[in-house]
Amino acid sequence: MTNHDHLDLRELHDPDIPLPIELQGNLASTNLSRIYNWSRAKATWPLLFGLACCAIEMIATAASRYDISRFGMEVMRASPRQADLLIVSGTVTKKMVVPIVRIFNQMPEPKYVLAMGACASGGGPFKEGYNVVSGIDQYIPVDVYVPGCPPTPQALMHGFIALHKKMEGQRIHNRNSVPWYSKGPSDEIPLPILGPDIVDPRQAAILRQQAESAVLLAEATGD
Amino acid sequence: MVENVLVQDPIQEALAGLARFGGAVQADDRQNYEGIVVDRAALPDVALVLRDELGYDYLSSVTGVDYLGFGDYFEVVYHAYRTSGGKGLTLKTRTPRDVATVPSVVSVWPGADFQEREAYDLMGIHFTGHPNLKRILMWEGFEGHPLRKDWQEAYFESEHKPFESRWPGGNVRRSEEYNPFGKNVKYPAGFTMDKVRDISEVDHYEGLNLGVQIEGSGIRTDKLVVNLGPHHPSTHGVFRMVCTLNGETVETLEPVMGYLHRNHEKIGERNTWIMNMPYTDRLDYISSMSNNHGYALAVENLMLKNQVKGYNQPTERTEVIRVLMVELTRYVNHLWSIGFLLNDLGAFFTPALYAIFERELILDFFEATAGSRMMCNYMRFGGVFKDIPERMMAHAVLENDMIRDVDTMEFLHNLIFERLPNFTDEFDRLLTKNEIVFNRTRGVGILTAEQAIAVSAAGPVLRASGVPYDVRKADPYSIYPDLEFDIPIGTYGDVYDRYLVRLEEMRQSVRILQQIYPRLKETAGQSILGIDAYSPRIPNGGESYGRVENPKGELGYYVVGVPGKEFDQNPWRYHIRAPSFINLTALEQMCVGHKVADLVVILGSIDIVLGETDR
């Protein structure tokens, strides 16, 4: 029988290991991945970082009515060095994407990114702006996208639940599943350059190739 | 308040007062335009006479308009007002497009500082004599001046929406994917990455004399440069301050903005008139309803000038609902602002939690009426989107853990007559006499009345300095003349006064709401639409400046219809006078000499929101 006064251990128990029915919920026999992921998901620390309108709804989610601490996430850290989760809450401009990539690089692994709202997911209503990046996933990897303009607190919490599920599905022994369980540190993402417009250094080879072919084409057509 | 005795037409009066300039000053005689056109060489002298002799001491807005194809010149438009109240004067000057130079008026109206920099950044107009003319929203090194009519975005398809790729196909072309310096490369042959230079950060540190030993202090020490932001929890968004410290004392401070520059104005010129309404929500995203109101007023004014067929003035019901929404918004904004000011003072989140809870009640009403908690997109030209519903769901106040289906008018009655007044008193009781609040804010960030007027500060910042200037009284709009309310003012112009002014404004908002409630009952059933049928081709040529007293200060919209056309879909120029942006002009003089810990408090007391600052 499950004793509801105590912590129910069924979420921690590995279902592949048989356990007598009377002990279920009171005893957990589990593996390292499961207990590790369970702890991580129950105490995800987001970065205290707001960009635009969505940040207001993020604060409302953290406040008393919606109460983010039910997810163990109320410990918002102001320093990226202490944060597990980057909530990109708002429009990402070309000017701002440089600090965001830097913040992402400063976060210790394992780290997750949640794109909150239409702008962070794909540019949103400002997607055609000359200073707007069409989604933060052009620069850093995103784990969960939450639609809305801005998403309601309920939608954001749904995004948190989706993120927790993703965390719980990752395995320490499968080093291919996530970059940070392989040997050595992961590569940093190169900072975009604010030249005459934004330039992504990762595209350097393509840029060079295209610049050359444009010249060849101009010579061929006598332009 | 000085009684406004000048009842004559401001343009005739200005022309008479400026007669000594002869042909350099003329009335603007284009159809549906108003104000005076000044020869650019005479501009600083004219500005000085206007300020010192005619009393136009308050410069509301400075912006540029590109009349490409309609005379091929830039026009710089100034909106000047008297702090004693009354109608304003629109002042214009022209410059050829190829060598665009206009003398700066910063020496006359220091409030022009950031606005001239913005016009330089986005339009490429050089203001000669400006003390610090460099880009403000885009980064240094960016190619082009985006608001010029011949500057086209990377995705450019056509001058106005809907774009062919989007409708009916739905293939959106995003700016980032069409970045000319990305995969659609425009570099010459032999290009390598090290030819791309990033000079965007250089100018922030110029002239700071880094590494120079501070003399006379007795210890060997350097000045310290501290970057606050753009990622900092107390900058209220992605705002950045580059400051130099001597010990803990702030010596210089430079605000750096543009991290949330979302190209509102360029997008607004591509949009049809009505399509801009939801974009205005995202300016000051805490008070979307009053942003809507300002834009509606500007366009309604233009429709009146053009005598648009089918347009009727807003009905009484419309005005009552608008004021209801706007005053609720003001209450919400001040709740938020005070809550987060206390956050900046170190009372981490407890006062803000109280404030946010009351805010949720009002958001429930907004959600029931407009369909959205924050981005209400509620007002229309001549009307509002929808009447308030008969019943609504009250989510925030649960009874037995149940969401309640309540009568909206009862909900409002409870809110306006009990809940909000009681909460204001409670907030007052908890905070006003708190010793820590008092000691941390009294005497900090002082702005005198003269300084506040000079830098065009607006809203609670201006009033806390003792200037009783409120657009609702000084240049009334909507039904505000019928309503009784006071304008609270401060004495010392410090952070504490700004806090007190906001608190008192919350009380005055409730007072207005209590007068609105019976009128809401009286007008039930009246039409809420001022226009016969929806038409996107609303106003045509001419200019209009609509301004409202937003919770953060005077919000102005300067809109220009396409010149020389009977009808056109989109505005030729759409400019926003953002109070958060212009209030920041005063930041440096408020902060210098204070300790670094007071920086965030002073910034918090200005109450900026970055959506509006950077637009």
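**Architecture and local features of chains A and B**

Chain B has 18 helices and 17 strands. The structure is a predicted model, and the values below are computed from it. The C-alpha atoms of chain B occupy a box of roughly 70 × 70 × 60 Å along the principal axes. A compact globule of 615 residues would have a radius of gyration near 25 Å, and the 25 Å of chain B therefore agrees with that expectation. Of the 615 residues in chain B, 62% are buried.

In chain B, domain 1 covers residues 10-128 and domain 2 covers residues 264-614. The centres of these two domains of chain B, taken over C-alpha atoms, are 28 Å apart. Contact between them involves 35 residues of domain 1 of chain B and 32 residues of domain 2 of chain B. In chain A, domain 1 spans residues 44-163 and domain 2 spans residues 192-223. The centres of domain 1 and domain 2 of chain A, again over C-alpha atoms, are separated by 32 Å. Seven residues from domain 1 of chain A and six residues from domain 2 of chain A take part in the contact.

Helix α2 of chain A (residues 53-62) is largely enclosed by the rest of the structure, because nine of its ten residues are buried. The buried residues of α2(A) are Cys53(A), Cys54(A), Ala55(A), Ile56(A), Glu57(A), Met58(A), Ile59(A), Ala60(A) and Thr61(A). The cover over these residues of α2(A) comes from both chains: it includes β1 (85-89), β2 (112-116), α4 (117-122) and α5 (153-168) of chain A, along with α7 (316-345) and α8 (350-370) of chain B.

A search of the whole structure gives 23 aromatic pairs over all chains. One of them is formed by Phe340(B) and Phe349(B), whose ring centres are 6.0 Å apart; the pair is edge-to-face because the planes meet at 80°. Phe340(B) is buried, at 11% relative accessible area, and Phe349(B) also counts as buried, at 19%. A further edge-to-face pair joins Phe417(B) and Tyr517(B), with 5.6 Å between the centres and 85° between the planes. This pair links distant parts of the chain, as Phe417(B) belongs to helix α9 (residues 408-431) of chain B and Tyr517(B) to helix α14 (residues 495-522) of chain B, 100 residues apart. Phe417(B) is partly exposed, with a relative accessible area of 32%, whereas Tyr517(B) is buried at 7%. Ring pairs also link Tyr130(A), Trp139(B), Phe142(B) and Trp151(B) into a cluster.

Arginine side chains lie over aromatic rings at two sites described here. The charged end of Arg30(B) sits over the ring of Tyr67(B), at 5.5 Å from the ring centre. Arg615(B) lies over the face of Phe581(B), 4.7 Å from the centre of the ring.

Val226(B) is part of strand β8 (residues 224-228) of chain B. Val226(B) counts as partly exposed, with 21% relative accessibility. Its C-alpha atom is 6.0 Å from that of Val242(B), a residue 16 positions away along the chain. Apart from neighbours within four places in sequence, Val226(B) is in contact with Met241(B), Val242(B), Cys243(B) and Leu245(B).

Backbone geometry was examined last. Most residues other than glycine have a negative phi, and most peptide bonds are trans. In chain A, the peptide bond from Glu109(A) to Pro110(A) is cis, with omega near -5°. Pro110(A) lies in the loop between α3 (94-106) and β2 of chain A. The bond from Cys149(A) to Pro150(A) is likewise cis, with omega near -10°, and Pro150(A) lies in the loop between β3 (144-146) and α5 of chain A. In chain B, Ser478(B) has a positive phi, near 50°, though not a glycine. Ser478(B) is located in the loop between α13 (471-474) and α14 of chain B and is partly exposed at 22% relative accessibility. Asp607(B), also not a glycine, has a positive phi of about 60°. Asp607(B) lies in the loop between α17 (596-606) and α18 (610-614) of chain B and is buried, with a relative accessible area of 5%.

Terms used. Residues numbered from 1 in each chain as written. Chains lettered and ligands numbered in written order. Heavy atoms only, no water. Phe/Tyr/Trp six-rings, centres within 6.5 Å; stacked < 30°, edge-to-face > 60°. Buried < 20%, exposed > 50% of the residue type's maximum accessible area, 1.4 Å probe, protein only. Helix = DSSP H or I, 4+ residues; strand = E, 2+ residues; numbered from the N terminus. Lys NZ or Arg CZ within 6 Å of the ring centre and 35° of its normal. Rg over C-alpha atoms; globule rule 2.2 N^0.38 Å. Domains from an automatic or database assignment. Contact = heavy atoms within 4.5 Å.
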